[in-house]
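Biologist: Thanks for joining me. Could we go through this model together, one question at a time?

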Amino acid sequence: ALAYYYGTDGVDDPVQIEVPKGHYLPTFSLAAPASQTQEPISLKRPTIVVLPLANLSSDPEQTYLADGLTEDLVVALTRYRSIEVSAEPEPADFRWSDVDVRELATSLDTRFALGGTMRRSANQIRVTVQLRDGISGKQLWADTYERTLDDHNLFAVQSEIANQVVLRVADQYE
């Protein structure tokens with residue numbers, strides 16, 4: 001909560017309070033002069049980057065399922081005017097399983113990162129999605145979705161999961 005405050009409304013506060021991890025006593029410090037600080041990230045319209053879901057199944061051809069679900073997540077998020085969806089990085093350049101969220105968020109000037117994994121076994125699909133804070137790197141939310149998949153419901157399953165994820169993530173900003 002303090003990192004959020006000092007990244008938004010408290011960006012100009014001359015004194016900053018921190019409670020070190022594992023401690024109960026706060027520490028106080030003078031803030032760096034404005035010329036040395038980064039531009040604060042606006043949370044009035046939060047920015048979010050959607051990373052391609054990582055395919056954890058043993059079949060590399062299942063990556064198309066993960067990529068399709070990633071596209072559906074991006075499309076569903078862009079329907080919310082209160083959220084800005086980052087167009088970068090190039091989706092093929094990053095996968096959720098091997099990204100440093102804080103480093104990525106800093107380089108893209110985005111506040112949140114959404115990503116996860118997808119597994120398929122026979123006609124079952126399991127998708128785990130996580131939302132992480134780009135400042136602290138902490139996981140803010142996660143959920144798992146399991147569905148039966150066949151040739152006739154692929155798009156419906158992808159859309160259903162994407163819409164459920166986006167409702168959980170985006171509704172707090174409406």
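Biologist: Which strand does R147 lie in?

Modeller: A note before I answer: this is a predicted model, where local features need pLDDT of at least 70, side-chain atom pairs count only at pLDDT 80 or more, and totals for chains, interfaces and linings use all residues. Residues are numbered from 1 along each chain as its sequence is written, and side-chain values use heavy atoms, leaving out hydrogens and water. Strands are DSSP runs of E with at least two residues, helices are runs of H or I with at least four, and both are numbered from the N terminus. Residues 139–148 form the strand that holds R147, namely β8.

Biologist: Is R147 buried or exposed?

Modeller: Buried means under 20% relative accessible area, exposed over 50% and partly exposed in between, with a 1.4 Å probe and protein chains only. R147 has 18% relative accessibility, so R147 counts as buried.

Biologist: With which side chain does the side chain of R147 make a polar contact?

Modeller: A polar contact is a pair of N or O atoms within 3.5 Å; within protein, one must be able to donate a hydrogen and the other to accept it, and residues adjacent in sequence count only if both atoms are side-chain atoms. At 3.1 Å, the partner of R147 is E160.

Biologist: And S57, which side chain does its side chain meet in a polar contact?

Modeller: S57 is found in the loop between β4 (54–55) and α2. S57 counts as buried because its relative accessibility is 14%. Its side-chain partner, at 2.6 Å, is N55.
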